[in-house]
Amino acid sequence: MLQQIINGLTLGAVYTLVALSFSMVMGILGVLNLAIADLFMIGGFLGLSAVIAGQPVWLAIPLGMVGAAVLAVIVERVAYRPLRDAPVIMPLLSTIGFSIILQNVALNVWGSDPLQVPNELFDRRFALGPASIGAVQIAVLAVSVVLVAGLAFVVQKTWLGWGLRAVAENWNVARLLGVPATVVVSAAFVLSGLLAGAAGVLIGLHYSAITPFVGADIGLKAIAVMVVGGVNRIWGVLLAGPLMGVVEVMTIVYGGSALREMVVYGLMILVLLVRPQGLLGGSAPSEGQRV
Amino acid sequence: VSTYVAGLLAEIGISLLGGLSVYIVLSTGQLSLGNAAFMAVGAYLCAVLTVVAKLPLTLALLIAAAASGIIGVAVAFPALRLRGIYLAMATLGFGEMTRSFFLNFELTGGANGFHGMRPVSTLYIWSWAAGILLLVVLIERSRLWLELRAVNDDETAAGLVGLNATRIKVGAFGFSAAVAGIGGGLLAHHRLYIEPADFSFEKSVELVLMVILGGSTVAPGALVGAGLVTALPEFLRFLVEWRFAGFGALLILVLLFRRQGILDRSVLRLFARRKSS
């Protein structure tokens with residue numbers, strides 16, 4: 001039981017990062033960037049390729065982050081900025097276009113077989129009462145905590161964070177008050193790309209492998225995590241991520257692995273219908289601080 | 001007609017039905033990212049009816065369409081509370097849940113898939129596809145479609161002039177699901193083997209892609225889109241590995257420069273004028 005909770009929290013940490021990546025864009029701009037699922041995948045491939053090429057693991061994570069962030073900026077320039085004033089469905093569709101391209105590129109560059117890293121690199125485990133925790137799991141949890149803390153610092157304490165929150169409240173008023181809105185929007189995409197890329201490398205290290213389909217599998221489920229946490233309250237994800245990770249692992253153990261989509265998406269639809277503001281949202285969906 | 005061309009035409013006909021199902025809901029301003037789920041319901045139900053219950057195919061298709069339509073209406077009622085992106089996310093979740101259901105449902109083979117169907121002719125597939133395309137085109141010329149567009153353009157205003165927006169949106173969802181169900185049933189009897197992976201999120205995205213590329217303001221747009229997405233890779237064999245990247249890029253280009261898709265009213269009028277002169 002304790003073992004399942006540890007495994008669930010590790011998966012949940014990755015969910016938290018990807019869901020934060022989704023809600024950085026969704027919470028601030030009200031746009032669902034579906035390409036994030038595949039930025040996450042590409043980040044993982046870049047990181048694992050570096051590890052296989054003999055680079056140290058601590059370098060793989062920033063590499064995946066930067067790669068995904070660069071792609072996120074391209075997505076912003078090509079797929080979001082020209083469609084900013086279009087109905088919200090339009091940028092959603094154009095980011096699907098990017099998602100299709102990225103998945104196709106990964107398939108042709110790395111092939112459809114999983115890209116594997118030798119797992120003797122980190123197969124040390126530490127006893128923890130009746131359970132044990134792997135060195136990779138510790139790394140995943142630690143890196144996630146550091147990244148979330150870093151994001152919280154940027155959003156709450158820096159000039160950029162004030163800009164993000166101003167744009168989230170009202171695009172036009174923010175610009176009238178001198179916030180360079182386009183720069184701030186690009187920064188939101190960069191932050192979201194950094195998070196997605198890091199999460200990709202972490203999931204790759206955790207499973208010692210990555211495939212081009214991990215975006216459509218784990219990446220999309222992070223949307224469900226974002227919704228459960230509350231779309232307009234990005235910090236709700238900090239509760240929803242670990243919760244959904246543990247719920248999913250418990251489902252796999254006690255109900256069979258094929259049931260997990262049922263449970264994860266079922267929870268998402270339930271929250272959308274009965275509590276659209278998410279678990280941590282206030283009494284009304286439109287009140288309170290969003291970011 | 002060679003078997004190769006006949007097979008390709010059959011695929012286009014089935015894709016057309018899937019595309020039309022997306023087109024119908026999109027016309028009310030609702031984006032569904034889960035229409036492959038309705039195809040799955042139609043495919044599995046229709047296949048079980050012909051293989052296990054030994055019903056004739058046409059009857060089985062009608063039952064599958066009705067069942068799929070009822071599920072569509074059942075999904076539409078809670079979905080009324082959701083708009084735009086939230087509806088897209090909910091339909092995405094519904095699609096993945098349906099796929100997961102068939103993955104677990106041992107009576108239809110679970111992950112092993114289901115087979116035993118008898119093949120159908122391309123002509124039979126196209127009589128359904130053309131018939132439903134004609135039906136949608138006819139509806140487009142009726143008052144009902146004006147009401148549908150009104151709900152799409154401004155739901156509040158449509159309600160103020162006395163239109164029942166709820167009935168129109170739910171009806172569109174049900175009709176869309178029924179059309180997808182027929183497409184699924186035909187798919188099962190064309191491919192002769194179905195598995196849950198045939199109805200994944202990628203399939204739902206492909207259906208949306210057809211409508212957006214082909215033209216999202218007129219029903220024949222789905223025909224252009226279905227032909228493009230299904231047949232173009234066959235002619236560009238050298239590009240076969242990159243075809244999805246090509247379609248992704250095409251999707252972005254269309255959204256940026258020609259939001260209504262390849263076919264729209266003015267192109268259709270051009271064709272009509274050439275024919276009459």
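Which helices each supply at least two residues of the lining of the second largest pocket? Read on to meet them, along with the other spaces in this predicted model.

## How confident is the prediction?

The model comes with an ipTM of 0.88 and a pTM of 0.91. For chain B, pLDDT averages 91, and 99% of the residues reach at least 70.

## The second largest pocket

Here is the reply to the opening question: H4 of chain A and helix H6 (143-153) of chain B. H6(B) gives the most, with four residues.

This pocket holds about 530 Å³ of space. Its lining counts 25 residues, and those closest to the centre are A:Ile89, B:Leu26, B:Gly29, B:Gln30 and B:Asn152. By class, the lining has nine nonpolar, nine polar and seven charged residues.

## The largest pocket

The largest pocket has a volume of about 1,200 Å³. Closest to its centre, among 43 lining residues, are B:Ser200, B:Glu202, B:Lys203, B:Glu206 and B:Phe244. Elements of chain A and chain B each giving two or more residues include helix H9 (214-229) of chain A and helix H11 (243-257) of chain B.

H4(A) provides the largest share of this lining, seven residues. The lining residues split into 19 nonpolar, 15 charged and nine polar.

One cavity of 30 Å³ or more turns up in a search of the whole structure. The largest cavity has a volume of about 40 Å³, and its lining includes B:Leu33, B:Leu92, B:Glu96 and B:Phe201.

Helices H2 (35-51), H4 (84-104) and H9 (201-214) of chain B each supply at least two lining residues, with H4(B) giving the most, three. Six nonpolar, four polar and one charged residues make up this lining.

Definitions and conventions:
Residues are numbered from 1 along each chain as its sequence is written. Chains are lettered from A and ligands numbered from 1 in the order in which they are written. This is a predicted model: local features need pLDDT of at least 70, side-chain atom pairs count only at pLDDT 80 or more; totals for chains, interfaces and linings use all residues. Side-chain values use heavy atoms; hydrogens and water are left out. On a 1 Å grid over the protein atoms alone, a cavity is a set of points where a 1.4 Å probe fits but cannot get out, and a pocket is an open set with protein on both sides within 12 Å along at least five of seven lines; lining residues have an atom within 4 Å of a point. Grid points are joined across faces, edges and corners, and a volume is the space filled by probe spheres set on the points. Ala, Val, Leu, Ile, Met, Phe, Trp, Tyr, Cys and Pro count as nonpolar, Asp, Glu, Lys and Arg as charged, and the others, Gly among them, as polar. pLDDT is the predictor's confidence in each residue, from 0 to 100.
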